[in-house]
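Dear colleague,

Please find below the structure that I am handing over to you, with its sequence. My findings follow directly after it.

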Amino acid sequence: MDAFYASVEQRDNPELRGKPVAVGGSRQRGVVAAASYEARTFGVRSAMASSVAIRKCPDLIFVKPRFEVYKTVSQQIRSIFAEYTDLIEPLSLDEAYLDVTAITTQGVTATEIAQAIKERIKLETQLTASAGVSYNKFLAKLASDYRKPDGLYVIKPNQGLAFVEQLDVGQFHGVGRVTAHKMNELGIFTGLDLRQQSEAFLTQHFGKVGHHYYSIARAIDERPVTANRVRKSVGSENTFEQDLMDESALVAGLQPLIDDVWSYCERTSIMGRTVTLKVKYADFQQITRSKTLLGVIGNKAALERITIELLTSLLPLQKEVRLLGVSLSTLQAPDQAERGQLMLNL
């Protein structure tokens, strides 16, 4: 989807249309969750600090996120996908891989399917989507970003290698800013540069993921589209308007995060055994502390107790805290919990 959260807000509020919009908090310590294309022309991007965004675009309009609305629209879009294929691998609320191989054997092309899906999304949601069509996931992802917004780009089998070699490595899905910088320091700037490196060289400098970089530089990606991906964790975090040092303030800051995590557990009936506390200090140093139990955590009080125990293990603090996060992992569905250890109601 194109600028999904921001586009939903502009759709639902005509006064926002054509204006630079950021979904997120406008406070000094806020973060932009999504930016409209009007805002992007000023250099505003998702994950950017709100203070930086407002300097780049003084007329930027901040809108509080409405995640329940975004989820509802996402479900509409997923239902459209399901009319074409069962092989749907969601990446987020606004993005998914679709394997349409089976349909293409019936005389319709993947490009025609992508165009039809785009038109259905526009008709039913009044929002635009961009599609990438290719013979593997890596290339399809690159293609989907290539003609945004409202784009449709196709990379055929005889075009994959040439397409990859002319891109900057920073444009590769899965190569973040830090990795791109490291590649640049090694003299790797384009896909062609990357392809000229041996697998041993890439593994030496990037570890196990070096094999993946070796493959995608050759337009090779054997990963299948995996339907119904299992969620590995659920979490919530918050950057505070002021750095915290006092224990009572930190405990208070944890409460809404614990509420968010447990709300997901109640809504889905999925429980977990591992609680992780994330702490980012004022100097941006980040640490985590975790505890794994034999059985799943059976109520919010147990989650709260374990989280506060993890926080207490860090006291007394030597420096102020900028951010706290709480997550629950080693997730299990109700039937798994019943077959395994008893639920722990601590």
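**Cysteines**

C265 counts as buried, at 1% relative accessibility; here buried means under 20% relative accessible area, exposed means over 50%, and partly exposed lies in between, with a 1.4 Å probe and protein chains only. C57 is likewise buried, with a relative accessible area of 2%. A disulfide is taken as a pair of cysteine sulfur atoms within 2.5 Å, and by this rule the count is zero.

**Basis of the model**

The model is predicted, so local features need pLDDT of at least 70 and side-chain atom pairs count only at pLDDT 80 or more, while totals for chains, interfaces and linings use all residues. Residues are numbered from 1 along each chain as its sequence is written, and side-chain values use heavy atoms, with hydrogens and water left out.

**Salt bridges**

Side chains of opposite charge can pair when their charged atoms come close. With a salt bridge defined as a side-chain nitrogen of Lys or Arg within 4 Å of a carboxyl oxygen of Asp or Glu, the structure holds 17 of them.

K141 takes part in a salt bridge with E95, at 2.5 Å from N to O. K141 belongs to helix α7 (residues 137-146) and E95 to strand β5 (residues 95-98), so this pair ties together parts that are 46 residues apart in sequence. Helices (H or I, at least four residues) and strands (E, at least two) are DSSP runs, numbered from the N terminus. K141 is buried, with a relative accessible area of 9%, whereas E95 is partly exposed at 26%.

K141 also forms a salt bridge with D145, at 3.5 Å from N to O. These two residues of helix α7 are four residues apart and therefore separated by about one helical turn. D145 is partly exposed, with a relative accessible area of 38%.

A further salt bridge joins D221 and R223, whose closest N and O atoms are 2.7 Å apart. D221 counts as buried at 11% relative accessibility, and R223 is partly exposed at 39%.

**Packing of α4 and α6**

Helix α4 (residues 67-82) and helix α6 (residues 110-125) have axes that come within 10 Å and cross at roughly 145°. Axes are lines fitted to C-alpha atoms, for helices over the stretch in contact, and angles run from 0 to 180 degrees between N-to-C directions. Which residues meet in α4 and α6? On the α4 side they are V73, Q76, I77, I80 and F81, and on the α6 side I117, R120, I121, E124 and T125, where contact means heavy atoms within 4.5 Å.

**Backbone geometry**

Most residues other than glycine have a negative phi, and most peptide bonds are trans. Two cis peptide bonds may be of interest to you: K148 to P149, with omega near -5°, and L315 to P316, with omega near -5°. P149 is found in the loop between α7 and β7 (152-154), and P316 in the loop between α14 (300-312) and β11 (321-332).

A47 is not a glycine, yet has a positive phi of about 75°. This residue is found in the loop between α2 (37-40) and α3 (50-56) and counts as exposed, at 65% relative accessibility. Q126, also not a glycine, has a positive phi of about 60°. Q126 lies in the loop between α6 and β6 (131-133) and is partly exposed, with a relative accessible area of 49%.

With kind regards
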